[in-house]
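Please examine the sequence and the model shown below. The paragraphs that follow lead through its sheets, its crossover units and one packing of helices.

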Amino acid sequence: MKAYFIQQTERASALELRDIPQPQAAAGKLLVRVRAASLNRGEFIRGHGLTKPGAAKPAGTDGAGEVVGTGERVMGRLPGAFGEYALMDKPDAIPVPQNIGWEEAAAIPITFLVTYDMLVQQGNLKAGEWLLVTGVSAGVGVSSLLAAKAIGARVIGTSGSPEKLEQLKSLGLDIGIQTRKPDFHDAVMKATDGKGVNLVVNNVGGSVFAETIRVLAYQGRHATVGYLDGQLKAELDIEALHSKRLKLFGVSNKLRTAEQRALTVQGFTRDWLPLFASGKLKPRVDRVYDFKDLPQAVGRMEADQHIGKIVVRVTVA
């Protein structure tokens, strides 16, 4: 079968298309005929830590397809998703609703599982509350916007691109702030009548961390989910943390056990899968590429041209 491999060096990542043996189903694992897979920035962009320098490894972490032998339509965490077949741990398998096509299904799993962890399990976001998303046009940013609106929250987003902010207004963005700098405090406080936001999704990193702390309301929550700026250090206003009774948390699967990840899958399947099945919640697919064009898809992501998820259709001629 055909499958892409990725090798990370100190300077860049390189893709190679290989012919390899088809994997075989094993205890606790499903053999999936992959129909579509989506790109995750952490795998391809150096500095996000998902792919370490060293020997090449199968590319892809997120996909959808049919279970060989049963025909069940599933989506979920799928190592080696940029291949014709891949193995999925059974607890990671999420049924694909009938109204969801393969490309949309591939755009859902990891991004919306992270978002569920962030907004529901840890962030406790409620209808009527304010959410601030820095870097709102990125994959997790867009999924946070979409899910928050489905919950009934109000959303403020920052981006350096006025064009992207304008497009996101059609997805429900209440207030867009054009900036990549830590200078959004006044605009956020004005929008929230001086109260601040209830939850921050910091998708940018250390360069805006202090500002995101400043805009939190009393008993506000702060999620750190990415560092697009590459800045991993920031000052913390301990007085604000103390007096406003803030909650700061990280969102990552790097050190979680399989059982911990499974709890998020179960919660997502229970609480949010019905929203996808009803059409109330839909992923934002930026562009779909053919399997042979994965390198071009990566190039689009590296150039930060996308809004939402970039997807590859896994059909090999």
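Arg-221 stands opposite Lys-247 in strand β14, and the bridge partner of Thr-224 in β14 is Gly-250. These positions belong to the parallel pairing of strand β13 (residues 216-224) with β14, which extends over 4 bridges. Two strands are said to pair if DSSP finds at least two bridges between them. Helices (H or I, at least four residues) and strands (E, at least two) are DSSP runs, numbered from the N terminus. Together with helix α8 (residues 238-243), β13 and β14 make a right-handed β-α-β unit. A crossover is right-handed if, with the strands pointing away from the viewer, the path from the first strand over the helix to the second runs clockwise.

The model is predicted: local features need pLDDT of at least 70, side-chain atom pairs count only at pLDDT 80 or more, and totals for chains, interfaces and linings use all residues. Residues are numbered from 1 along each chain as its sequence is written, and side-chain values use heavy atoms, with hydrogens and water left out.

Strands of a sheet pair through backbone hydrogen bonds, either parallel or antiparallel. The pair described above lies in an open sheet of 6 strands, in the order β11-β10-β9-β12-β13-β14, with parallel pairing. β11 and β14 (247-250) stand at the edges with a single partner strand each, so one side of each is left without a neighbour in the sheet. On average, neighbouring strands of this sheet are turned by 15° against each other, direction ignored. Strand β10 (residues 154-159) pairs with strand β11 (residues 175-178) in the parallel sense over 4 bridges, and Ile-156 stands opposite Ile-175 in β11. Here too there is a right-handed β-α-β unit, made by β10, helix α5 (residues 162-169) and β11.

Another open sheet has 3 strands in the order β2-β1-β4, and its pairing is antiparallel. Its edge strands, β2 (13-19) and β4 (57-58), each pair on one side only. Strand β1 (residues 2-8) is joined to β4 by 2 bridges, and Phe-5 has Pro-58 as its bridge partner in β4.

Turning to the helices, the axes of α3 (residues 109-122) and α9 (residues 258-271) come within 10 Å and cross at roughly 85°. Axes are lines fitted to C-alpha atoms, for helices over the stretch in contact, and angles run from 0 to 180 degrees between N-to-C directions.

Overall, the protein has 11 helices and 16 strands. Its C-alpha atoms fill a box of roughly 60 × 40 × 35 Å, taken along the principal axes.
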